[in-house]
Amino acid sequence: MATITITHTREDGTLLDGSSKGDGVYEIVQQHGFRYSRHVGIYIRGSRDKEAQHWRINGAVEALRAAGHEVRVEIDENDDRSFAEIEAAREERAEDRAERFSNRAGRAAAASNARRDAAHDISRRFEFGQPILVGHHSERRARRDQERIDDNMRKSIAENQRAGYWANRAEAAAAYKKHRNDPYRTLRRLEKLRADLRQQERYHAEAVEKGYDSVDRHARLIRDLKKEIGGWEEVVEKAKAEGVKIWGPEDFAPGDYALYSGSWYQVHRVNPKTLSIAWNLRLAPKHVMTLEDATERGRVWTHTADYTNVRARCPEAAMNAFLADGKVPGARAAHAASEKQPASAVREAQAAAVKTKPKKKSDPKVPRKVFVDCPLGGAEATLTWLNGGSRPHRNFEPVKITAPEGGKFHRAVWSRTLQAEIARILGEQGYECCEDDWQVSRDRNGFVRPIRPKAKTQVEPEAEPAIEEHAADVPAGEPEAAPQAPAEDAPEGAQGTEEGAEGHAVQIAEVCERAAQLPEVERTPELDAAYRRYVDDGIASTDGWYCPLDFQAWATTLGAHLVTAAAGEREATAEGVERSPVEVGEVPTQAAGAEPEGEKTPLTCEISEISRNHTASTSVVHSDYPLSSTVKEVAAVTVEMDAARTATATKKATPKKAAPKKAVAKRVVEPTKVQKRREVHAEKVEALGAIERRTTRKKIPLHRIERDPSQPREEFDQGKLVELANSMKRLGQLQPATVEYNPVTKKYVIVMGERRWRAAQIAKLPKLDCIVSNGSESEREVLAKQVAENVGRADMTPMEEAKSFQRLVDAEYTIDEVAEMCGKSAAYVGWRIDLLRLCDEAREALSKAHLPVGMAWYVSKLSCENQMRFLAKYARGHFANDRAAEEFVKACLAEEKRRESQGSFFVLAGEDTEADGSTQEAIPGAHDVTEEERERIMDERAKLTKKIDRLSTAGEILSELATADPEELALLLAGTPGGVPGHQMRMDHLAKLIGKVSTNLRKAQAHAEVRASGIVVNPEVAA
């Protein structure tokens, strides 16, 4: 037996010497973690620069000695190398691995290419799709070649995969140094090393105390860990000196934003080693995640982010400024903002703003939770009161809850009957459920939910009678008070459930029913736009059940301030008093005697403002249902509107002394934001010397409006006009038309909206809502607007588009400018303009949809005479389909160009010419073919027809395959190279080739028909 030596040093690791191939040593030690390599021999992987793995070495020694081998063990744990020397040796070995793996990848890639080329060389001897001729002398060779092709391709794929594997290994080895010295990874490595050091120090102290033999081993490990920690700390310090930012708790304050995993997350807590950032998986991925996004039912959901994974910081104020501008900051912009507002300043400001609050002591007599034991489908449940420690409360006895006769709690605590009973029991004791939902208890025997005492509400006895007396004084025709919102102590679970939604729907229906009894409010465009935004906001901001008010109910409750403002504006206009326009959705300026500005009312509170201000940015928590607050708003606003109307009626009833108009004081109103923006814009326009264009909106009688004779659209679908007229009768005119005043005729000329004008005439409406343009627009600009408005219509014909585009081009617009104005491509505009070359008959066929637009473009390239003759052939059904007709036109165009280059005219023959038999069927267009060219054509024709005749054999084979039994085909082809899928691929390829051949023959047929039915006229003879 051989003498085996197992040695271990820190530099070389654990090695086994003295073994030779076939002596069975490797098979024995392999079970104990030893591996074999051609470069190293037998070794233990990962044993360099580490403590000897005695359990592996001792196990291998015992197994070798049991097999009769003599074994010597030499272990040297002393290592005088520094940390830098150890890392340099590792990097050198990584470079060697990278070079070695790269060579392997290159050899594998070369082998893969060679195998693929060999397979292609063999396949070149076959016509693609050529079947094996069974019984022929070439059958054996063909089958052998197929096997060789299959074998080479399989080996090529395997070598290609091997090349990819070694290429990835080489890339990883080349990046070893960069990965190893990355400062952020080094920080995480240091955390683990320090934890290992503390562990070894504990083990060493215990071994010294109890006298274990492992004292020296722990001491060596402690020495090695300290040396490695010192080396990695130097790497981190070097990175800091080079400008790498190492983030820590001193760099952040609560509320800041941290760049983590490519997105910004707001910081909730700053911990010594990590950040607690806002986290909401339902909104991920999101560029900026705020604490509001992560808040649900009063709880902020967070995620732990290690400082080594943070890449930037942005203060909260700076982030809000970026978001207000619609931007997301990058690392550089955030760094600049962070330097202006460091975390220390933010923490000082937060500390100065924090007010100490007296700590509330928990009352042990008050229960904090309830525990319900109710199985699914059970008929009985037990409610247990729990204290703050989640133990049964001693002052409250458990309550048994029994289902109604014949009923069961099929959904456990989520059963409606059980929830209602629990709410009743809690209400009797003066408690209610918190916002948190039911959760499974720790022992998983029931469900737990937090509770709280009900808030004490102060009821003013005078309030209700006052409202009743006030309501009694409301004049006829004024809206009554809406139903009150659900009480705050309603059973928990009603909101956000189907039962709660049904209750709200009933209240909304009552409000709508009462509003229907009042005088109808005029639905102006401004009120209609505000109502539409109210409905859209409600739909977009809830994922539960939504039931909006109808327009009449909305106008008498939530939109009453807009109705009042509009009425006041009309009165002021009639009296000649200057008033500022009230923007849609803007609350009117507070009048004298109104409620103080600082006090919040249902119309000015934050919740109501968000529910009505549709332009404001809102954030809806997933558990919020805006329907509840909307119902409460309706009730509150209705009561408030009743009081306001009563006061107004009383004020109007008081006689006033008539005052001269000169004494009327004009109310000074501060300009709104919209007006300020308009003033700034007007100043800019005036500074640039632009012409001010003013528009006026008014209703104009139909007899004073006339159409523009240069209107691009010429044809109107009468059926669509009738539909539009019916819509205008029922809903009114939704969009105004645009007109210009003509001082010559003293009438208004339509710029945009002729369909609305025609429909209004059909509907017999007296007036049309119009926007009158009083500016100095040129005819060129008006034409551009008309074309841009009409060209996108689906019912605009191609010829109308072509004429419109041509008029713009004649008005000195370029093709690119026309395309940009109309939202089309430049090629589209050019194609439409080309249609103007069609003759009258072709234009009529195109307008009646007898000629496709795509084919009409090709026809427009022909001469006018050939266009007429082609239309005659097309109308007689000379072509099998539109594709054949299109190919025929292309062939005619090519023949025209060819004959024109030769100094001849090409004309399609008519019916009389074809009847004379003047065309030659043997060689189409052979009257100008020379004898030599004729002989060449005849020879090539003979060769080609012989090849085509050989396809009859292939047709028989295909016919046989088409009629064969699929099961029989599977049995016959299963054992062949490639199997059924291989033959299927061949057939698919043949099908593609057949399709291309068919297309090519179709084009050839078109050329043959053109030459056969064409007449060539010499210009000199024609002259």
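Reader: Which backbone oxygen does the side chain of Ser-263 reach?

Author: This is a predicted model, in which local features need pLDDT of at least 70, side-chain atom pairs count only at pLDDT 80 or more, and totals for chains, interfaces and linings use all residues. Residues are numbered from 1 along each chain as its sequence is written, and side-chain values use heavy atoms, with hydrogens and water left out. At a distance of 3.2 Å, the side chain of Ser-263 reaches the backbone oxygen of Lys-286.

Reader: Is Ser-263 buried or exposed?

Author: Buried means under 20% relative accessible area, and exposed over 50%, with partly exposed in between (1.4 Å probe, protein chains only). The relative accessibility of Ser-263 is 11%, so this residue counts as buried.

Reader: Which residues is Ser-263 in contact with, leaving aside its neighbours within four places in sequence?

Author: Contact means heavy atoms within 4.5 Å. With those neighbours left aside, the contacts of Ser-263 are Ala-258, Lys-286 and His-287.

Reader: How far apart are the end C-alpha atoms of helix H28?

Author: Helices (H or I, at least four residues) are DSSP runs, numbered from the N terminus. The expected span of a helix is 1.5 Å times one less than its number of residues. Helix H28 (residues 864-875) has twelve residues and should therefore span 16 Å; in agreement with this, its end C-alpha atoms are apart by 17 Å.

Reader: Where around H28 do its buried residues Asn-866, Gln-867, Phe-870, Leu-871 and Lys-873 lie?

Author: The buried residues of H28 are Asn-866, Gln-867, Phe-870, Leu-871 and Lys-873. Because they cover an arc (of the directions from the helix axis to the C-beta atoms) of only 160 degrees around the axis, they lie on the same side of H28.

Conventions. Polar contact = N/O pair within 3.5 Å; in protein donor to acceptor, adjacent residues only side chain to side chain. Helix = DSSP H or I, 4+ residues; strand = E, 2+ residues; numbered from the N terminus.
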